[in-house]
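Student: I would like to learn how the labels used for a protein model follow from the values behind them. Could we go through them one at a time?

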Amino acid sequence: LLKPAALFAGLVLLASAQPAAAGDIQGDAYGCEELRQLRNATFKKAGYCFKSQKAIAAYGNEGCRFSSEALLPLSKMDRVVLRDIRRSERRQGC
């Protein structure tokens, strides 16, 4: 797992909505584990209820409200970032 400071820095970069954030993801600047953590942190922020024991242990389900990714109230920027994360994961074979 990323150290909390590194994860926070990544989330701040993504939340800033600057083109560099999306460019970094599109350019595979993050490895598979970092991408998974950034994706799951975005889901956690939106109220996702994790199903796997590994994700529950890492992120918890306190305050979760949505059991389906399709129901998550995501901002347009969150959707763009998640799309780019998934594309990068596919390119890297994550």
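Tutor: What follows is a set of questions and answers about this predicted model, each setting a value against the rule that it has to meet.

Student: Why is Tyr48 called buried?

Tutor: The relative accessible area of Tyr48 is 9%, and the label buried applies under 20%, so Tyr48 is buried.

Student: What makes Phe50 and Tyr59 buried?

Tutor: The cut-off of under 20% applies here as well: Phe50 has a relative accessible area of 5% and Tyr59 has one of 15%, and therefore both residues count as buried.

Student: How many aromatic pairs are found in the whole structure?

Tutor: A search of the whole structure gives three aromatic pairs, and one of them joins Tyr48 and Phe50.

Student: Why is the pair of Tyr48 and Phe50 called edge-to-face?

Tutor: A pair of aromatic rings is described by the distance of the centres and the angle of the planes. For Tyr48 and Phe50 the centres are 5.2 Å apart and the planes make an angle of 85°; since the centres must lie within 6.5 Å and an angle over 60 degrees counts as edge-to-face, the pair is edge-to-face.

Student: What makes the pair of Phe50 and Tyr59 stacked?

Tutor: The ring centres of Phe50 and Tyr59 lie 5.3 Å apart, with the planes at 25°, and because planes under 30 degrees apart count as stacked, this pair is stacked. Ring pairs link Phe43, Tyr48, Phe50 and Tyr59 into a cluster.

Student: Which residues touch the most other members of the largest nonpolar core?

Tutor: That core has 16 residues, and Ile25, Phe43, Phe50, Leu72 and Ile85 are the ones that touch the most other members. Two or more residues each come from helix H3 (32–46), helix H4 (53–59) and helix H5 (76–92), with H3 giving the largest share, four residues.

Student: Which residues does Leu72 touch, leaving out those up to four places away in sequence?

Tutor: Leu72 touches Phe43, Ala46, Gly47, Tyr48, Phe66 and Arg79, so two members of the ring cluster, Phe43 and Tyr48, are among its contacts.

Note on methods. Residues numbered from 1 in each chain as written. Predicted model: local features only at pLDDT ≥ 70, side-chain atom pairs only at ≥ 80, totals over all residues. Heavy atoms only, no water. Phe/Tyr/Trp six-rings, centres within 6.5 Å; stacked < 30°, edge-to-face > 60°. Buried < 20%, exposed > 50% of the residue type's maximum accessible area, 1.4 Å probe, protein only. Core = buried A, V, L, I, M, F, W, Y, C linked by side-chain atoms within 4.5 Å. Contact = heavy atoms within 4.5 Å.
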